[in-house]
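Visitor: I am new to this structure. Please show it to me, and let me ask how its descriptions are reached.

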Amino acid sequence: MALPVAEWQGRTARLWAALDPALRERLAAASLHDAVRLGCDLLRTEEEEEAALEQLCHRAPTDKKPEAASWYREQGNQEFKRGQYQAALRLYSKAASHELPGSPEVSVCFANRSAALLHLGHFEDCLEDIARAESHGYPDRLLPKVLLRKAECLLCLGRLQEAQDILRVLESKIALDGVMTTHLTRLKKLSQLKVKLGEKERCPEPAREARGGIQGEPEIWEESSRISGASSSLSLSFDAERGRHLVASQDIVPGQRLVQEEAFVSVLCPGESLALQGGDTAWDTRATSADLYCHHCLRQLLASVPCQGCSYAKYCSQGCADMAWQQYHSTECSLGALLLTLGVFCHVALRTVLLAGFAEVSRLVAWSHRGDKNLQNPEASCKPLSEAADAGAGSRGVPGCDSSGQYQSSYQALFHLLPHTEQHSPEHKFLCTLSVVALCKQLQAAGLEAAVLSQESPQQWSKPKTCEKNSDELSPEMKTVAEAMLRHVLQLQCNAQAITVMQELGPGDGAVVDKKPVRLATAFFPVLSLLNHSCCPNTSVSFSGTAATVRASQPISSGQEVLHCYGPHCCRMRVAERQQLLSQYFFECHCPACLEELESGVKSVVSIRNSFCCPKCQAQMQGEEDTLCCSNEACATSASRDHLSGRLQDLQQQIKRALDLLRVGKADQAIKMLLKCQMDAGTFLSPEHLLMGEMEDHLAQVYATLGKWQEAARHLKKSIEIVEMHHGPSSVETGHELFKLAQILFNGFAVSEALSTIQRAEGILSVHFGPQSAQIQELQEMKACLSELPRNILQRT
């Protein structure tokens with residue numbers, strides 16, 4: 001959730017409504033500096049609000065609870081006995097995050113998790129967990145079990161000498177029960193056999209990184225000398241209408257990499273609520289983003305390393321855990337519940353100032369005080385490019401550039417992103433102000449002020465600074481921090497970048513992997529923020545961890561602006577809906593797609609394709625009122641819009657139930673329900689409706705689960721036809737569908753058709769994600785495998 005929880009929003013709204021009108025007027029017109037001062041005064045007198053916020057924090061606890069750890073570990077044991085090793089792995093990780101560091105219990109969690117990792121074939125990770133268990137004081141009486149597991153991993157990895165050394169120790173020094181003795185004997189025989197055969201190859205381990213078997217051609221990349229992380233084919237421009245923006249300085253071809261930028265700051269979105277509302281237990285077994293991705297680098301987690309201070313933060317390695325602690329988590333750790341309650345935007349704002357450091361924050365806040373105009377609009381103090389003598393010197397006039405005219409992905413560039421202070425609603429500014437002030441007061445009350453102001457590690461903290469006047473009053477330094485944070489929270493509405501990933505649906509163990517894009521984190525990218533919006537952009541943005549890559553999705557001529565879609569693409573939404581959504585960015589879109597739709601007065605293709613059809617003659621239903629009429633004059637059937645919308649919602653629920661049946665292994669029932677949904681949909685939805693395509697996609701998924709590859713391919717081809725109508729033949733959506741079709745044809749041994757589909761999918765996905773992406777690597781592996789088949793087989797298929 002970007003903003004604070006609904007209850008805190010409600011309380012601040014009621015407080016705003018109860019304020020004296022004169023004070024409301026002052027707050028509405030206040031600068032960021034004055035807003036913080038007035039917010040401090042209000043919270044000092046409104047003790048009830050702070051108490052309420054503290055109560056809300058109890059709903060999102062992030063402290064360690066050994067009783068929760070015990071419960072999660074037992075749940076993991078049950079899943080392990082059922083052979084559900086992936087589920088057991090997640091539950092053991094949840095248990096480890098709740099155990100106290102250094103306790104024997106946490107060592108048991110790591111040991112149990114190592115067993116799940118062994119069964120899943122992740123041998124290196126299994127060894128790491130065994131080492132963690134040993135370092136946390138794993139009980140001596142249980143040690144033989146994990147040493148046998150360690151020997152088995154080493155054998156699978158081909159590390160024969162190390163495995164034999166462990167087996168000798170076990171045989172000579174440690175008492176074993178009958179089962180373990182049998183297992184030891186089997187391992188010794190296996191070890192001796194491997195030595196005799198001279199086998200040195202490792203057992204295959206599931207890939208944790210992108211497949212590296214086939215490497216594409218390395219990309220040609222020349223970075224701009226004036227814009228960090230941008231291609232030399234781009235230049236930075238500025239004018240009053242478009243503000244800062246990037247322009248092609250030479251002709252650009254589709255697929256060309258234009259920007260490669262690491263986020264200045266990113267914060268993982270928590271996903272679903274950490275606690276269940278009601279039920280028999282307060283603990284949730286569901287995996288959220290917080291369980292699945294590293295809280296520092298955003299890589300997918302396998303065996304997470306828990307924070308030693310809280311149960312919330314989890315990392316992919318001890319290196320990431322140490323780096324996060326050093327840079328920001330030592331300050332954030334004890335405030336986890338408050339940060340979850342106040343929302344991701346407040347969290348991003350805090351982490352931004354922690355990463356920037358107080359010296360840089362205070363310098364730029366002081367700069368912003370050099371006049372009200374500069375505070376409200378930093379660009380007012382900068383010279384326009386037209387005043388520059390040449391293009392090189394001109395970038396010195398662009399906000400965010402340093403004295404040499406370079407635009408870096410830096411805090412200075414981030415600070416210059418517009419907060420639009422005067423355009424936010426007074427109620428929203430009030431909510432953000434009280435939230436930021438409450439967070440800063442808690443930082444000061446918790447003795448974390450020294451950490452915020454000096455960025456020292458806890459071991460180096462001196463006695464925290466306190467305000468001489470009143471312990472409830474923020475110190476001058478913390479007011480500066482609060483002002484910077486308020487600026488960043490307001491900036492995020494227009495400049496926050498959602499980091500998205502393609503997340504697998506279901507267990508991910510099928511021959512065909514179905515994925516959907518999900519929002520993983522919220523971040524600031526100073527260079528990416530230079531791209532203006534278009535509903536028909538000429539770029540495509542993808543993410544890997546905390547890095548963003550922008551590629552040209554179509555040819556861009558020299559002198560043409562480079563544009564990015566902020567969300568509502570013209571293929572997905574009508575112009576009126578797009579304009580409404582874009583209002584949050586405080587501009588009216590005048591891109592070619594919007595102008596064409598607005599000026600022509602012709603009904604958008606999106607509306608026609610996603611329309612209702614007549615229940616009698618299947619012609620399009622039309623009308624802007626509550627009652628829709630058949631477009632076929634000879635029919636003249638009418639129907640209530642609410643009635644048809646209700647049918648659509650019921651249909652979507654039925655589809656969801658069918659997918660739930662598939663997840664629990666009831667594929668035949670899922671097929672029957674989806675086919676019934678198709679028949680129902682055909683009576684009131686356009687044949688080109690996106691939901692019709694989704695049902696074809698779901699049917700393909702079910703048939704693929706059953707190994708009925710021809711049926712799966714038939715349905716997926718129908719889905720691709722509809723996706724192409726809506727998104728275009730070269731869209732990323734079409735590319736993802738073709739990737740799935742390639743998997744189905746590969747598994748169904750339709751060689752020639754698979755090869756042509758692979759070639760088409762490669763052509764599309766390489767434009768959007770580059771030649772080194774995981775999907776491209778997998779497509780190339782499939783192609784290599786098919787190409788190596790005997791020629792007589794290739795000719796027959």
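Visitor: What makes Tyr85 count as partly exposed?
Guide: Its relative accessibility is 21%. Buried means under 20% relative accessible area, exposed over 50%, and partly exposed in between, with a 1.4 Å probe and protein chains only. So Tyr85 counts as partly exposed. A word on the source: this is a predicted model, where local features need pLDDT of at least 70, side-chain atom pairs count only at pLDDT 80 or more, and totals for chains, interfaces and linings use all residues. Residues are numbered from 1 along each chain as its sequence is written, and side-chain values use heavy atoms, with hydrogens and water left out.

Visitor: Why is Tyr72 called buried?
Guide: Tyr72 has a relative accessible area of 3%. That is under 20%, so the word is buried. Trp71 has 24%, so Trp71 is partly exposed.

Visitor: What makes the pair of Trp71 and Tyr72 edge-to-face?
Guide: Rings of Phe, Tyr and Trp (its six-membered ring) pair if their centres lie within 6.5 Å; planes under 30 degrees apart count as stacked, over 60 as edge-to-face, the rest as tilted. Here the centres are 5.3 Å apart and the planes are at 70°, so the pair is edge-to-face. Phe80 and Tyr85 also form an edge-to-face pair, with 5.1 Å centre to centre and 70° between the planes. The search of the whole structure finds ten aromatic pairs.

Visitor: Why is H2 called oblique to H3?
Guide: Helices are DSSP runs (H or I, at least four residues), numbered from the N terminus. H2 (residues 21-29) and H3 (residues 32-45) pack at an angle of about 140°, with axes 9 Å apart. Angles under 35 degrees count as roughly parallel, over 145 as roughly antiparallel, 65 to 115 as roughly perpendicular and the rest as oblique. So H2 is oblique to H3.

Visitor: Which residues make the contact?
Guide: Contact means heavy atoms within 4.5 Å. Leu23, Arg26 and Leu27 of H2 meet Arg37, Leu38 and Leu42 of H3.

Visitor: How do you know that Arg351 lies over the face of Tyr328?
Guide: A charge sits over a ring if NZ of Lys or CZ of Arg is within 6 Å of the ring centre and within 35 degrees of the ring normal. Arg351 is at 3.9 Å from the ring centre of Tyr328. The charged end of Arg487 sits over the ring of Phe415, 4.1 Å from its centre.

Visitor: Is Cys153 buried or exposed?
Guide: Cys153 is buried, because its relative accessible area is 0%. Cys153 is found in helix H9 (residues 143-156).

Notes. Axes fitted to C-alpha atoms, helices over the stretch in contact; angles between N-to-C directions. Helix = DSSP H or I, 4+ residues; strand = E, 2+ residues; numbered from the N terminus.
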